[in-house]
Structures are given as C-alpha cells and as structure tokens.
Amino acid sequence: MGPAILTSIFTNGLVSSLCTSNCRSFGTPLALARTLASASSNVFSRRHKLVVCCSNNPTFTAELTASSDISPPATASSFNGYPEYNRLLPCPDQNGPPRVEHLVVSEGGRVLDYIYKALDLPPLFVADLIHFGAVYYALVCPEPPPSATPEQVRLFKEVTAPSVLRKRPSIKGKTVREAQKTFRITDVNEFVEVGTYLRVHVHPKRFPRCYKIDWKSRIIAVTESFVVLDKPAGTSVGGTTDNIEESCATFATRALGLTTPLMTTHQIDNCTEGCVVLARTKEYCSVFHGKIREKRVKKLYLALAAAPMPVGIVTHYMRPVNVAPRLISEDFIKGWHLCQLEVLECKEVPWPSTVIEEKYHIEDSGWPLKNSAFECKINLLTGRTHQIRTQLAACGAPIVGDSMYMPAAIAEISTPGLSPFGKNKKQYTTESDKETAVAEWISKHGKEPGVVIGLQACQISWDDGEHFYKAGSPWWMGEIA
C-alpha cells in the first residue's frame, strides 16, 4: 500500500509518553552548513500539496509554495558564532500555524527517505526537522482518540493486529503499551521497519530572538559544575517538544565553546527573563534537582505590575490541570495545589515608553491607565507554572505585557463575579451552571505572550547564600538586551 498517513486529528491526546532529552550534538550544525553549501537550489522550486493542521480547523488542504516552509539557499555565514544553514533558517519572525503529521511506515528503510517521500518535502528540510528534534517514533502506533475517523481506526486495527505484531522481532518481549511509547529520532539514517509509527512536527515552534542575542554577554557565571545564564525573554530554557535546537542551553553551550551540552535544571517561562542555572554534568543536574526538592534554592523576581500590590504573603490554590490558562481560587479546594508568594516591596515606576514597548514587542491588552506601573520584588515560595502571572492578575494587578492573564483581570474588574473562583464569585445552583461559568471565565483569557512580559528572575541563591547570583537590569529600565 502507499504511505499510510494518520492525519493531524491525532495531535491532541494521542501520545502518553515523550522522551525529550535536551542533550544535543554540537558537531551537526556545521556539517549541515557544509551540506547546504553544496546543495542545489532546485529542491526549493517545486510546489507541494500539503495537509495543514490548524488549532481552529482540524484538517484542511492548502496549496503552498515550498518557500512557505523553506527559506531559499543562501551563502553560509555565522552570527554570534552560530553557523547558519538555510532550510529552517533564517528563522521567521512569526510562528505559522502548527502542522503535525502522523505516519505508519509501509516500507522499511531510512527514516529521512520515508518521510520526505510520504510528505513530499525536500530531503534537506526533513534533515533539519530531525536535527531540531521534531520527529518521533514508536514501534507500534498509539491508539487513536475517540474523534478519529473510521478510516483511521481501520488502519490502526490493521497495523496492530496480533497476527501482524507477532511477526515483528523488534517488539518481542514487549507489551503493546511499552511498544507504543514514543522516542525522539536523532539520526537521519535511522532505520524504520514496516509498522513503525512516526510523528513529524512539520512546523516546529520557532524562537527568532535566539539569533539576535549576544549570548556571551548573558553569561553571569561559569564553574566546573554549572553555568548561570541571564536568560533573554522570548527564548526557551531547554527547548520544546518540537524544537530543542533553538534553546538557551544550546546557544549558551556554543557561546562558551563547550563540547558537552549544558543541561537544564529548572524552567522559567519563555516570556520571562533572568537567572537560570544550567548544569555541566549529569551529576550536578541531579544534585541541583535535589536542592530544589529540599527547598534550598531561593528565587526572587521583579514583576512590573499594572496596579499596586500590598506587601505580604499572597495565597491561592491552583487547579491541577496542566493546560493554560492556569486557574486559581481564593478559597481552598480539595486537590488544588497551594500557591504562595511574598511581595517584599512594591514601588511606583513609569509605565514603559512607546519606544521601549515597540523595541520589546510588548502586547497591548487594553489596560486603561498607563501613567504608572509598579515594580514588585517577589519571593516565590511555591514554584507553580505561571504562578506569579496568575496570582497578580487575580489580585487585579496583572503583569505588563501579559496578553494571557491581563484580559481576564480587566474582565473581572469590569464585571465583578465573572471569575467563579474570585473574591466576588457567585453561588451556582447546579454543577452545570458552574461548568458554564468556568468555560466563560477561561474564554476571557488571551493568548500566550509572543516575546516579553514584565517579569524577571532577578536573583537566585542556594545553600544559604553560599551561591548567589543576580541578573542585569530588567528590560523596562531601558537597557539593551
């Protein structure tokens, strides 16, 4: 049969296990650059009929030129010591709609060969996707979601029939569930046998700011065990599911000329800047994780809030759902996670000028008063995802530029009681009414910020201050990133 394509309806809820190691090969980019230099430009001249996945429209077909996915070849050069290779580079300034393809291998061979033929993509582009960490495999196709089409269900049953699986030596001794675990493909020459499942992130999330940063200037400290980085906003600490190339760990490793890749020990949001500790060895990575578990690591933040915050401890409870926006409650709810931060000081400062806002691509979410902002120094007592952002927004003091939580804060201020978990929450007579109110409250939140918000991890210390590091001036003070 021809290439078996499971369309992008599988995107949500399909894979239960991802192996997302942040370790990188640092010889590969230069090899790719050399390959590019000798590559013919005719691979970019064709037109491709592609199946594109968008979040608002599960599957549709569109005619695109190859240049929509691939930049035309250019002379290899370098920026900040980073060798350019021109298939996924130069990096676009804006992310396009996601596109994820799901394949079941119908003819064994090199993974690169199978993907470029099945999806009608240039081989060099597929090689870049693999280098970016955007291709995954499982020995056996995962079970399709309830929304799968009859054809997808038929294909799944066909390739996972016991009579078929018994003939595959690669899964001997494994349960079907074990064989359905997904792993990242790291080698373009990796062999994939018939029946192997492939997930290809054709449009990985991109981080253009990585190429605009003088990374050496962002290094705060270098020791034998770790590196402390003043992370720029608009970058990922260790990469994403579909892009481990454009990350702070990768670019800091190259800036320092290290041969062993730096490893992430903790995370801060992409839109947040400030202190991040990167381990130089697996041993220290484990040691630092232990310090975090034992609460021996102290982190202070500067938050640029749109309204003043009272000094003292702020307590909320966060819904245990690992999806943004993160919902929090003023009152204790069984099973929800404790969120606490301490506002150490809060001082009035000028709202960022138009020049600064334009320079850092600060998003205007409609806050009515922009004469003054309020710089809050915060001791983070519990470390939940989006914690400072959602807690300040719940207090009516959202962070400047936070296009996700500021719209909800404005809506609650305009219509008190709109939040089903706030201080002005309404009483609901039925569970259905409560669920409707929660859905409406979620709809009042905006999208994740594109680049920067007014939040900086300004200070990190551990072992009772034996190790103590500070970030540079925050962006709203007008310093050049």
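This is a predicted model: local features need pLDDT of at least 70, side-chain atom pairs count only at pLDDT 80 or more; totals for chains, interfaces and linings use all residues.
Biologist: What makes strand 8 (residues 135–138) and strand 11 (residues 197–201) a pair?

Modeller: Strand 8 and strand 11 are joined by 4 bridges in the antiparallel sense, and two strands pair if DSSP finds at least two bridges between them, so these strands count as paired. Residues are numbered from 1 along each chain as its sequence is written, while side-chain values use heavy atoms, with hydrogens and water left out.

Biologist: How many bridges join strand 8 to strand 9 (residues 183–184)?

Modeller: These antiparallel strands share 2 bridges, and tyrosine 136 stands opposite arginine 184 in strand 9. Strand 9 spans residues 183–184, and a strand is a DSSP run of E with at least two residues, whereas a helix is a run of H or I with at least four, both numbered from the N terminus.

Biologist: Which residues of helix 2 (residues 111–119) are called buried, and why are they said to line one face of the helix?

Modeller: The buried residues are Val111, Leu112, Tyr114, Ile115, Ala118 and Leu119, where buried means under 20% relative accessible area, exposed over 50% and partly exposed in between (1.4 Å probe, protein chains only). Seen down the axis of helix 2, these residues fall within an arc of 165°, so they line one face; the arc is that of the directions from the helix axis to the C-beta atoms.

Biologist: Which residues touch the most other members of the largest nonpolar core?

Modeller: They are Ile378, Ile388 and Leu392, in a core of 59 residues; such a core is a set of buried Ala, Val, Leu, Ile, Met, Phe, Trp, Tyr and Cys residues joined through side-chain atoms within 4.5 Å. Strand 16 (residues 297–305) gives the largest share of this core, 6 residues. Leaving aside neighbours within four places in sequence, the contacts of isoleucine 388 include Tyr301, Leu341 and Leu455, contact meaning heavy atoms within 4.5 Å.

Biologist: How do you know how confident the predictor is along the chain, and where is the pLDDT below 50?

Modeller: The pLDDT is the predictor's confidence in each residue, from 0 to 100; the chain averages 84, and 81% of the residues score at least 70. Over residues 1–86 the pLDDT is below 50, although the stretch has 192 contacts in the model beyond near neighbours in sequence.
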